[in-house]
Amino acid sequence: MELQKIEHAMAYDLIPTDKEGNPKYTTLSEFNAIVNTQPRRQWIKANKYANNAKYLPIGVVEDLLSQLFPFWQVEQKGETQILGNSIVISVDLKVYHPIIGQWLHYAGIGAVPIEVKSGAHPTDFTQINPKAMHKNVPAALSFAINNASKKIGKIFGSHLNRQQDEQIG
């Protein structure tokens, strides 16, 4: 069990540090080089419900945020909404940039279809599965955080599903 914890921690270890554990990067260009690297293959998953679209699990995103930024927080913007048959959440991801010494804000939005009983019309809310909201609302929040973090850089998966001819550089 202890070995698994060590391997898990090492899997996300991407920030060069000194012997005290402090980040070695000191310039904006060094920091940006890390943020704009592609995510490691072992972090990437495929969403079988979305044509195998590639994504980073929320645990990976949160670990990366914690390694890259000394402080970060997520604030939900407005109320959770229902649009059509989906739960929609908007967030403001705030990160304290370690080089420029300022808080930066990234908007994100996440949506998850509301689960209804098999055979029910998708907007028949009298047929919602009993535990649907319990798992769908946190899932929408996770998608919103992922969406916001992609705006920080490639390390968060911003280019995972882009076609090669859409990418610059």
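Start by selecting helix α4 (132–150), which gives six residues to the lining of the largest pocket, the most of any contributor. Helices here are DSSP runs of H or I with at least four residues, strands are E runs of at least two, and both are numbered from the N terminus. A quick note before you go on: this is a predicted model, where local features need pLDDT of at least 70 and side-chain atom pairs count only at pLDDT 80 or more, while totals for chains, interfaces and linings use all residues. Residues are numbered from 1 along each chain as its sequence is written, and side-chain values use heavy atoms, with hydrogens and water left out.

To find the middle of the pocket, pick Asn47, Ala50, Tyr55, Val112 and Phe143, the nearest to its centre among 19 lining residues. Colour the lining by class and you get eleven nonpolar, five polar and three charged residues.

Next stop, the core. Select Leu65, Leu68, Ile152 and Phe156: they have the most contacts inside the largest nonpolar core, a set of 29 residues. Such a core is made of buried Ala, Val, Leu, Ile, Met, Phe, Trp, Tyr and Cys joined through side-chain atoms within 4.5 Å; buried means under 20% relative accessible area (1.4 Å probe, protein chains only). Zoom in on Ile152: beyond four places in sequence, its contacts (heavy atoms within 4.5 Å) include Val35, Leu65 and Tyr106.

Finish at Phe31 in helix α2, buried at 2% relative accessible area. Ile99 is 68 residues away in sequence, yet the C-alpha atoms are 7.7 Å apart.

How values were computed. Buried means under 20% relative accessible area, exposed over 50%, partly exposed in between (1.4 Å probe, protein chains only). On a 1 Å grid over the protein atoms alone, a cavity is a set of points where a 1.4 Å probe fits but cannot get out, and a pocket is an open set with protein on both sides within 12 Å along at least five of seven lines; lining residues have an atom within 4 Å of a point. Ala, Val, Leu, Ile, Met, Phe, Trp, Tyr, Cys and Pro count as nonpolar, Asp, Glu, Lys and Arg as charged, and the others, Gly among them, as polar.
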